[in-house]
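Please take a moment to look over the sequence and the model shown here. We will walk through it together, one site at a time.

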Amino acid sequence: MSLPSATVRELADHVLRAQLDAAPIPMLTNSHGALSVDDGYAVQNALRQRYLDAGHRLFGWKAGLTSRAKMRQMGVDQPSVGFITDRMSVPQGTAVRVADHVHPRVECEIAFVLARDLPTDGCTTDDVLSATAFVVPAIEIIDSRFENFRFDLPSVIADNSSSARFVLGGNGRRLDSISSRTTLGVALVKNGEVMATGASAAVLGDPAASVALVANLVGALGCRIEAGMTVLSGGITAAFAVQPGDVVSARFQELGVVDVRFT
Ligand code: OOG
Ligand code: MG
């Protein structure tokens with residue numbers, strides 16, 4: 001049985017307040033033990049509506065937990081999706097305030113910018129390849145609103161898959177100009193030290209397959225990935241905590257560098 005709509009609205013408000021106040025809350029399944037993945041998405045839908053009502057513009061979508069490294073780190077074995085809005089976007093060179101978040105972490109990702117709408121059902125990797133205008137290197141700044149950054153799948157979905165901010169880097173590259181879409185190397189560097197290295201195949205074998213998965217999951221929510229939207233295909237390596245003063249860069253083979261600093 002799914003959650004009553006009053007409970008969905010109440011949980012969306014609860015998560016929204018935690019996001020806006022950067023104040024941690026217990027994971028939702030502590031109080032709502034039977035919360036299902038579908039319930040989590042119902043809460044996320046209500047949360048998205050709250051942001052749109054507050055004047056945010058839907059910028060795109062993101063994949064969560066699409067690499068082994070991320071699944072292992074978080075103890076969750078299935079991907080999720082979340083939405084991203086224009087006000088979550090951080091221009092390169094702008095500092096991110098750690099105090100605006102509960103316990104932020106950084107991830108390196110490949111972002112896809114769409115030239116055409118994606119199918120909402122049965123979307124394939126080939127559909128993504130033909131609909132993509134270009135890809136850019138990205139750093140996602142995630143932040144779980146749950147205490148100790150611990151959650152289960154329904155809870156993290158209700159918390160918009162830990163979305164907080166994202167930084168898009170450098171020059172876009174057309175996919176057909178990249179010689180190694182599935183074996184694109186990346187180093188995640190913090191304060192000059194390499195924290196992790198990985199390759200794009202870590203994300204479901206091919207980050208374009210991740211975007212197809214997002215399109216289908218978003219379709220099941222009654223939405224569509226549209227032309228002009230950006231999709232974050234998922235963290236390639238584990239995520240790393242940041243503190244004020246940290247400078248982080250994601251150095252991608254072929255795509256170049258994207259960086260962000262924290263105050
Ligand atoms: C969930 C969000 C994961 C990714 O790229 O895997 C995510 C989390 O780890 O908090 O954004
Ligand atoms: Mg991510």
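What follows is a tour of the metal site, the ligand site, the strands and an aromatic pair.

A word on conventions: this is a predicted model, in which local features need pLDDT of at least 70 and side-chain atom pairs count only at pLDDT 80 or more, while totals for chains, interfaces and linings use all residues. Residues are numbered from 1 along each chain as its sequence is written, chains are lettered from A and ligands numbered from 1 in the order in which they are written, and side-chain values use heavy atoms, with hydrogens and water left out.

Let us begin at the metal. Three glutamates, Glu-107, Glu-109 and Glu-140, coordinate the magnesium ion (ligand 2) through OE atoms at 2.0 to 2.1 Å. Donors here are N, O and S atoms within 2.8 Å of the metal (3.2 Å for Na, K and Ca), and since water is not among the atoms, sites may look incomplete. Along the chain, the donors of this ion follow the spacing E-x1-E-x30-E. Glu-107 is buried at a relative accessible area of 3%, and Glu-109 is buried too, at 0%. Buried means under 20% relative accessible area, exposed over 50%, and partly exposed in between (1.4 Å probe, protein chains only).

Now for ligand 1. It has 17 residues around it, of which Lys-62, Leu-65, Lys-70, Ser-162 and Gly-235 come nearest; a residue counts as near if one of its heavy atoms lies within 4 Å. Lys-62 places a polar side-chain atom 2.8 Å from an oxygen atom of the ligand, and Lys-70 likewise has a polar side-chain atom 2.8 Å from a ligand oxygen. Gly-235 takes part through a backbone N or O atom, 2.7 Å from an oxygen atom of ligand 1.

Phe-149 lies in the loop between strand E5 (132-142) and helix H6 (153-158) and is buried at 4%.

Turning to the strands, an open sheet of five has the order E3-E12-E11-E7-E8, with mixed pairing. Strand E3 (95-96) and E8 are at the edges with a single partner strand each, so one side of each lacks a neighbour in the sheet. Two strands pair if DSSP finds at least two bridges between them. E7 (residues 185-190) and E8 (residues 193-199) run antiparallel and are joined by six bridges, with Val-189 opposite Val-194 in E8. Their hairpin has two residues between the strands, and Asn-191 there takes a positive phi near 50°. E11 (residues 247-252) and E12 (residues 256-262) are also antiparallel, over six bridges.

Finally, the aromatic rings. Rings of Phe, Tyr and Trp (its six-membered ring) pair if their centres lie within 6.5 Å; planes under 30 degrees apart count as stacked, over 60 as edge-to-face and the rest as tilted. The count comes to three aromatic pairs. Phe-59 and Phe-166 form a tilted one, 5.3 Å centre to centre with 45° between the planes. Phe-59 belongs to strand E1 and Phe-166 to strand E6 (residues 163-168), so the pair ties together parts that are 107 residues apart in sequence. Both Phe-59 and Phe-166 are buried.

Definitions and conventions
Helices (H or I, at least four residues) and strands (E, at least two) are DSSP runs, numbered from the N terminus. A polar contact is a pair of N or O atoms within 3.5 Å; within protein, one must be able to donate a hydrogen and the other to accept it, and residues adjacent in sequence count only if both atoms are side-chain atoms.
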